[in-house]
Amino acid sequence: MPSQWEQIVVDAEDPARLARWWAEALGYVIVHEQPDEVEIRRSADQLPGLLFGRDAEVKKVKNRLHIDLRPDDQEAEVERLLDMGARHADIGQGDGVPWVVLADPEGNEFCVLSSKRG
């Protein structure tokens, strides 16, 4: 029997703040919270989740794993995320790509893909 995907673990300087940011960005809820660890999911009983754990080390290099978001309206979603505190990030993607690279408040890169395909 194969394993079930439980969660992705994200190291964070401030797990509570970053978990709340991602919960708002994704429309998720907090399902577990301790001082050094916060887990969010789409709903309490739906996997996988994102688990934010404390790590005092500051992020220094590009993520080797990142989240891709596919909104109904790419431009509106990018603006919403920027208003929430995301920032544009250059990871060498170049011009003319159909996605926008952003970074969350702690610098973790993620992509906002072009609008859903028909």
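1. A quick convention before the sheet: two strands count as paired if DSSP finds at least two bridges between them. Helices (H or I, at least four residues) and strands (E, at least two) are DSSP runs numbered from the N terminus. By that rule, strand 2 and strand 3 run antiparallel, joined by five bridges. Within this part of the fold, Glu-39 in strand 3 has His-32 standing opposite.

2. On provenance: this is a predicted model, where local features need pLDDT of at least 70 and side-chain atom pairs count only at pLDDT 80 or more, while totals for chains, interfaces and linings use all residues. Numbering starts from 1 along each chain as its sequence is written, and side-chain values use heavy atoms, with hydrogens and water left out.

3. Four strands make an open sheet in the order 1-4-3-2, and the pairing is mixed. From one strand to the next, the twist averages 20° (axes are lines fitted to C-alpha atoms, for helices over the stretch in contact; angles run from 0 to 180 degrees between N-to-C directions).

4. Have a look at Arg-41, in strand 3 (residues 37-41). Arg-41 is buried, at a relative accessible area of 12% (buried is under 20%, exposed over 50%, partly exposed in between, with a 1.4 Å probe and protein chains only). Leaving out residues up to four places away in sequence, Arg-41 touches Glu-6, Tyr-28, Val-29, Val-31, Gln-46, Leu-47, Pro-48 and Gly-49 (contact means heavy atoms within 4.5 Å).

5. The Arg-41 side chain also has polar partners. One is the side chain of Glu-39, in a polar contact at 3.0 Å; the backbone oxygen of Ala-44 lies 2.8 Å from a polar atom of the Arg-41 side chain. A polar contact is a pair of N or O atoms within 3.5 Å; within protein, one must be able to donate a hydrogen and the other to accept it, and residues adjacent in sequence count only if both atoms are side-chain atoms.

6. Glu-77 sits in helix 2 (residues 74-84) and is buried, with a relative accessible area of 15%. Not counting residues up to four places away in sequence, Glu-77 touches Ala-25, Pro-71 and Val-112.
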